[in-house]
Each structure stands twice: as structure tokens, then as C-alpha cells.
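Here is a short briefing on a structure that may be new to you. Look over the sequence and the model first, then read on.

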Amino acid sequence: MKTNTQNNKGFTLIELIMVTIILGILAAVAIPRYTATVERAEAAAEDAVISSIRAGLETYATESLMEHGLRSWPTDPFDALETEPTGYSSTNGNALVDGEWTYNLTDSLITHMRGDNSVETWNYDKGNQAANSSQAVGSLGARNRSEERRVGKECRSRWS
């Protein structure tokens, strides 16, 4: 006696389409969250480097006070650090490579290029170094929001 049992192994087209749709939905949710997490991580790393620079500048000013009787900051803020951050370039100008840190002497800016090719900046002023000046040490400003970065976020939020 002959039995006509078929042993179909595999997935139907509908099952494959459903799995593809589910994966697409998961990717649509995961990718923006991943991007936001990367941005927050880069900002935290930048904040750590800037905090290190602030501490180095304070140490530099204290040593200058003990040596010369006057608190002062160096022309290049990275000179106040014992070790430069990863990606530091002594080139005068803006950062041009992912992860690069530079000091732009012309514009008095500390610059850092992020992985998405946006450049974050901080104003740096070494202050007046004259002995009769009331402002012997300068200032290191907060992060300057990149105009390019802000416009990009506004465009993305309009279309999403």
C-alpha cells in the first residue's frame, strides 16, 4: 500500500514576510536609540577631557603662582596637561579627523571632531598675563553648540 504523505519542511512566503516586517520594526526603533546613545557617550567623553583640561589649568596656575608670584594660564590649554587626550594634534586649526582634539590659536577655540563629523568647540582665553592685571587667569567656556549639528537635528525631527 502506498501512502501519499508529503513532508514539507521550510517556511512559507507569508512567514518570511512577517519575520522581515518584525525585523524592520525592531530596526526602526533600535537605530535612533543607538544613535542617541552614541551622541551621549561622545558628549560624556568630551566633558571628561574638558574637566581634565580645567584641572590641569588650575594646577598650572598654582605652579605659576608659586614660581612667579602670579597665577597664569598657558597660551595652548593642552600645555597644562601632563598627558594629552587620545587624538590630540598640535596643529593650529580646527579638528579635521574623527576623534581629533586641537587648539585653534587664531580663533581661541578648543575643537573636537565627533564620529558623525560634527565639530564641537569651547572658547578659551588665557587671560591678561600682566602683573598689574586683576584678571591673571583666563576662562574656559562651556560647549558651543554646533550650528550645523542643531540644523541637522531640526531637519531630522521634522521628517521623523
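Y88 is partly exposed, with a relative accessible area of 22%; that class lies between buried, under 20%, and exposed, over 50% (1.4 Å probe, protein chains only). The model is predicted: local features need pLDDT of at least 70, side-chain atom pairs count only at pLDDT 80 or more, and totals for chains, interfaces and linings use all residues. Residues are numbered from 1 along each chain as its sequence is written, and side-chain values use heavy atoms, with hydrogens and water left out.

**Aromatic pairs**

- A search of the whole structure finds four aromatic pairs. Rings of Phe, Tyr and Trp (its six-membered ring) pair if their centres lie within 6.5 Å; planes under 30 degrees apart are stacked, over 60 edge-to-face, and the rest tilted.
- One of the pairs joins F78 and Y88. Their ring centres are 4.6 Å apart and their planes stand at 40°, so this pair is tilted.
- F78 lies in the loop between helix 1 (13–68) and strand 1 (88–92), while Y88 is in strand 1, so the pair ties together parts that are ten residues apart in sequence. Helices (H or I, at least four residues) and strands (E, at least two) are DSSP runs, numbered from the N terminus.
- F78 is buried, at a relative accessible area of 0%.
- W101 and W122 have ring centres 5.5 Å apart and planes at 25°, so their pair is stacked.
- W101 belongs to strand 2 (residues 101–104) and W122 to strand 4 (residues 119–125), so this pair links parts that are 21 residues apart in sequence.
- W101 is buried at 3% relative accessible area, and W122 is buried at 2%.
- W73, Y103 and Y124 form one aromatic cluster.

- S72 sits in the loop between helix 1 and strand 1.
- S72 counts as buried, at 12% relative accessibility.
- The side chain of S72 makes a polar contact with the side chain of S64, at 2.8 Å. A polar contact is a pair of N or O atoms within 3.5 Å; within protein, one must be able to donate a hydrogen and the other to accept it, and residues adjacent in sequence count only if both atoms are side-chain atoms.

- Five strands form an open sheet in the order 1-2-3-4-5, with mixed pairing. Two strands pair if DSSP finds at least two bridges between them.
- Strand 1 and strand 5 (139–144) are the edge strands, each pairing on one side only.
- The twist averages 25° from one strand to the next. Axes are lines fitted to C-alpha atoms, for helices over the stretch in contact, and angles run from 0 to 180 degrees between N-to-C directions.
- Helix 1 packs on the sheet and touches strand 2, strand 3, strand 4 and strand 5. Its direction makes about 175° with that of strand 5. Contact means heavy atoms within 4.5 Å.

**Strand 3 and its neighbours**

- Strand 2 and strand 3 (residues 109–113) pair in the antiparallel sense over four bridges. T111 in strand 3 is the bridge partner of T102.
- In their hairpin, with four residues between the strands, S108 takes a positive phi near 55°.
- Strand 3 and strand 4 pair in the antiparallel sense over five bridges. L109 stands opposite N123 in strand 4.
- Their hairpin has five residues between the strands, and N117 in the turn has a positive phi of about 70°.
- Five of the five residues of strand 3 are buried, so strand 3 is largely enclosed by the rest of the structure.
- Both faces of strand 3 are covered: L109, T111 and M113 are buried on one side, I110 and H112 on the other.
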